[in-house]
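Subject: Structure handover

Hi there,

Here is the structure I promised to pass on to you.

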Amino acid sequence: MVRVVYGKLSDGDLLAGVEPLHIFNPQKWTEANLGDPIPMPDTWKKQFETQLEESKFFPHNAFEEMIQWTEEGKLWKFPIDNEQGMDEEHNTPFYEHVFLDEYLQPFPKSGPIKTFMEQVVLGLSKNPHLTVEEKRGHIKWFEEYFREKQPFVTSENLLAESSAV
C-alpha cells in the first residue's frame, strides 16, 4: 500500500534516487526567448470563429435560448408585427386570394374531376395561411397529376358525369 506522507510518496517510491534529466528548464522557456508568435491567417481566424459559434450546443439560460431561437427564425423579431414575413402579400390584392375560378380552365367542364377541383379551389380560396403563389402551385400540381393519369381517367370514363350516383 502506498501512502502519502507530507506530500511525498512513501513505501516504494519509483523515482527515489533518480537524477533528473533537466529536459524542461524553466529559465530557457520564458516568453522573452520564444520571440513573437507566428500570426494566424485571417481565413483561419474566421474558420475558428465559425467553429466556435457552431460549437455552442446548449444555451446557458432561457435568455440565451430565446436569442438563439430568434436568430434561427423560430421566434418573432421585435417589435412584434403580426404580419411579419408577409411583405410580398402587402402588394397582393385580396381578390387574387379569393377568386381562383379562372384556374379551373384546364380541367374538364363536367364530371367528378370538375367537382373535385371546384372543392379544391373553394378550400384554397378560404385558406388565409397560403400565399397566392402557393395556391396556384397547388392547383398546378393537380393539373399535372391529372395530365399524368390521363390514360386511367379516360379508361374509367371520369371525364363525364356518371349516371350511377
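This is a predicted model: local features need pLDDT of at least 70, side-chain atom pairs count only at pLDDT 80 or more; totals for chains, interfaces and linings use all residues.

**The whole chain**

The protein has 7 helices and 2 strands. Of its 165 residues, 15% are buried. The accessible surface is about 14800 Å², and carbon and sulfur atoms contribute 60% of that. If you look at contacts with a separation of 6 or more, 50% of them join residues 24 or more positions apart.

**Helix H5**

Helix H5 covers residues 112-125, which is 14 residues. From first C-alpha to last, H5 reaches 20 Å, close to the 20 Å expected at 1.5 Å a residue. The buried residues of H5 are Ile-113, Lys-114, Met-117, Val-120, Val-121, Leu-124 and Ser-125. Viewed down the helix axis, these buried residues fall within an arc of 130°, so they line one face of H5. Their cover includes helix H4 (94-98), helix H6 (132-148) and helix H7 (150-155).

**Salt bridges**

Side chains of opposite charge can pair when their charged atoms come close. In this model the count comes to 7 salt bridges, and three of the pairs are worth a look on your screen.

Begin with Arg-136 and Glu-96, whose closest N and O atoms are 3.3 Å apart. This pair links distant parts of the chain, with Arg-136 in helix H6 and Glu-96 in helix H4, 40 residues apart. Both ends are partly exposed: Arg-136 has a relative accessible area of 26%, and Glu-96 has 27%.

Arg-147 and Glu-143 are 4 residues apart in H6, so about one helical turn separates them. Glu-143 is buried, at 12% relative accessible area, whereas Arg-147 is partly exposed at 46%. Arg-147 and Glu-143 also belong to a network of salt bridges that links them with Lys-140 and Glu-144.

Lastly, Lys-74 and Glu-72 form a salt bridge at 3.2 Å, N to O. Here Lys-74 is exposed, with a relative accessible area of 58%, while Glu-72 is partly exposed at 44%.

Happy to talk any of this through.

Best wishes

Terms used
Residues are numbered from 1 along each chain as its sequence is written. Side-chain values use heavy atoms; hydrogens and water are left out. Buried means under 20% relative accessible area, exposed over 50%, partly exposed in between (1.4 Å probe, protein chains only). Contact means heavy atoms within 4.5 Å. Accessible areas come from the Shrake-Rupley method with a 1.4 Å probe; for residues, only the protein chains shown count as cover. The expected span of a helix is 1.5 Å times one less than its number of residues. The arc is that of the directions from the helix axis to the C-beta atoms. A salt bridge is a side-chain nitrogen of Lys or Arg within 4 Å of a carboxyl oxygen of Asp or Glu.
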